[in-house]
Amino acid sequence: MNLSKSEFARGWLEQFTDLERPVAAQLADSVMLVSQDALFRGLRTLLDEVVSGRQEADQDRPIALFAERAVETRNHEDPAYGFVEQQVLPFYPGADHGRATGDGVPPIDVDPKNPEVGSEGAIANFITSYERLNRGRVLNHPGPDKLRSKRVSHIVVVTDFIGSGKRVWEMIEAFWRVATVRSWHSYGRVQFAVVAYSGTEDGFRHVRSHKSKPDVRLIKACPTITTSFTGSDRRATEALCRAYPAGHHNPFGYGYAGALIAFSHGMPNNAPPILHSRTKGWTPLFIHRSALAADQHFPAANVDQLAAQAREVLQIRVAERFLADAANRRWVETMLVLTALRDGARTTANVSARTRLPMNDVGQILVFTEIAHWTNTRNALTVLGRRELRRLQLRRARVVVLPTPEQPYYYPTQLRVR
């Protein structure tokens, strides 16, 4: 069932006029729901890649995991130019000069006046479980003393989502401000990596811009208003986000990201306030950015999610029938990618955001579509690629018949007189 057709969304949709309601329903159905199992399974996959993908000389060295968190900053006045800028403080206090020592910082910084714990709590618990599973190969929030004694090969920031990229960038900068860590990096003894389930294209581009050149890995790019809607649909959606809640100063979320994603532990503040804000009495879909009430609508399995996406985008009535077959599943994924390219997507991240497919799968499909001459080097559809989509559209109302080893397609090589 689409989110907009559920009891969960009824109260939210009733706030709109008859003309606005279809646009609001389309917005709700565009939100990518990520269950806790999918989140942790994805993060584990990426961390396994970091561990196994290191050079042979580093295989006997552990990696250090840190949950993304806000770091301390201070206002610094530049005497030469007379303006004040915000400066990130070292991750280990007082370690901007000289040798860093000590036990480090706790996984979660809890303020007694504000005991609410966000996504960093779920990520910190995941890191603890992953460290127990990989005892000796992974360190959980180590301090300078343990980083040094264990000869860590990678400092890895773990998070569920990269929105604007500001918090992750500042956390890497906080490590960079530690003189000891910066020295290790300059000698090639330690590398930086960021592991996130999802993120916006602008966000992870910003993180990658850091001078430490971190290795940023995502499972899926995040759908946004920009990537999910085109033409009149996009204009109508943007107008709706500006109208509700009335007078909100940031109608597309923090950093104007317009992120359309909700995890089982909550929705990021980069999402449009129309989905989560209570400003001026507005009733949001995700109250206080909590997704707990929508838990039953989170996809139970990736196959189910892909089947729904295939029905919606490709209008294939019997998608579930052939999704169980690996070869047929890849055909559906390829058609989803071609559809995204036809609608203007050009980068791997953009296609992932539109199709909800993992970035690794999208990259592999784009390689093969170029080999097949369905796309060119700029990821634009060729004549052959458009022909494949037209062939799909002609077949969309009929049962899809795919070749199998037992019943391959037959192509005559010559005409015969009857």
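**Helices, strands and salt bridges in a predicted model**

Colleague: How many residues of helix α14 are buried?

Modeller: Seven of the eight residues of α14 (residues 348-355) are buried, so the helix is largely enclosed by the rest of the structure. Buried means under 20% relative accessible area, exposed means over 50%, and partly exposed lies in between (1.4 Å probe, protein chains only). Helices (H or I, at least four residues) and strands (E, at least two) are DSSP runs, numbered from the N terminus.

Colleague: And which residues of α14 are the buried ones?

Modeller: They are A349, N350, V351, S352, A353, R354 and T355. The helix is followed by R356, which has a positive phi near 70°.

Colleague: What kind of model is this, and what limits apply to it?

Modeller: The model is predicted: local features need pLDDT of at least 70 and side-chain atom pairs count only at pLDDT 80 or more, while totals for chains, interfaces and linings use all residues. Residues are numbered from 1 along each chain as its sequence is written, and side-chain values use heavy atoms, with hydrogens and water left out.

Colleague: How many helices and strands does the chain have?

Modeller: The chain has 16 helices and nine strands. Of its 418 residues, 50% are buried. The accessible surface comes to about 22200 Å², and carbon and sulfur atoms account for 49% of that area. These areas come from the Shrake-Rupley method with a 1.4 Å probe; for residues, only the protein chains shown count as cover.

Colleague: What share of the contacts joins residues at least 24 apart?

Modeller: The share is 66%, taken among contacts between residues at least 6 apart in sequence. A contact here means heavy atoms within 4.5 Å.

Colleague: Turning to the strands, why is β2 described as largely enclosed?

Modeller: Strand β2 (residues 63-67) is largely enclosed by the rest of the structure because five of its five residues are buried. Both faces are covered, with I63, L65 and A67 on one side and A64 and F66 on the other.

Colleague: Which strands does β2 pair with?

Modeller: Three bridges join β2 to β5 (residues 138-140), in parallel, and five bridges join β2 to β6 (residues 154-162), also in parallel. Two strands pair if DSSP finds at least two bridges between them. L65 has N140 as its bridge partner in β5, and L65 stands opposite V156 in β6.

Colleague: What do the buried residues of α7 pack against?

Modeller: They pack against α5 (144-149), β6, α6 (166-176) and β7 (191-199). The buried residues of α7 (residues 179-186) are A179, T180, V181, W184 and H185. Just after α7, G188 takes a positive phi of about 75°.

Colleague: New topic: how many salt bridges does the structure hold?

Modeller: The structure holds 14, where a salt bridge is a side-chain nitrogen of Lys or Arg within 4 Å of a carboxyl oxygen of Asp or Glu.

Colleague: Is E170 buried or exposed?

Modeller: E170 counts as buried because its relative accessibility is 12%. E170 forms a salt bridge with K166, their closest N and O atoms being 2.9 Å apart. Both lie in α6, four residues apart, about one turn of the helix. K166 counts as partly exposed, at 34% relative accessibility.

Colleague: What else does E170 touch?

Modeller: Leaving aside residues up to four places away in sequence, E170 touches V71, T73, Q86 and V88.

Colleague: Where do E7 and R10 lie?

Modeller: Both lie in α1 (residues 7-13), three residues apart, about one turn of the helix. An α-helix has 3.6 residues a turn, so residues three or four places apart point the same way. The closest N and O atoms of the E7 and R10 salt bridge are 3.3 Å apart. E7 counts as exposed at 54% relative accessibility, whereas R10 is partly exposed at 46%.

Colleague: Which residues are linked with D215 in a network?

Modeller: E49, D215 and R217 are linked in a network of salt bridges. The closest N and O atoms of D215 and R217 are 2.8 Å apart.

Colleague: How many disulfides does a search of the whole structure find?

Modeller: The search finds zero, a disulfide being a pair of cysteine sulfur atoms within 2.5 Å. C222 counts as buried, at 3% relative accessibility, and C241 counts as buried, at 1%.
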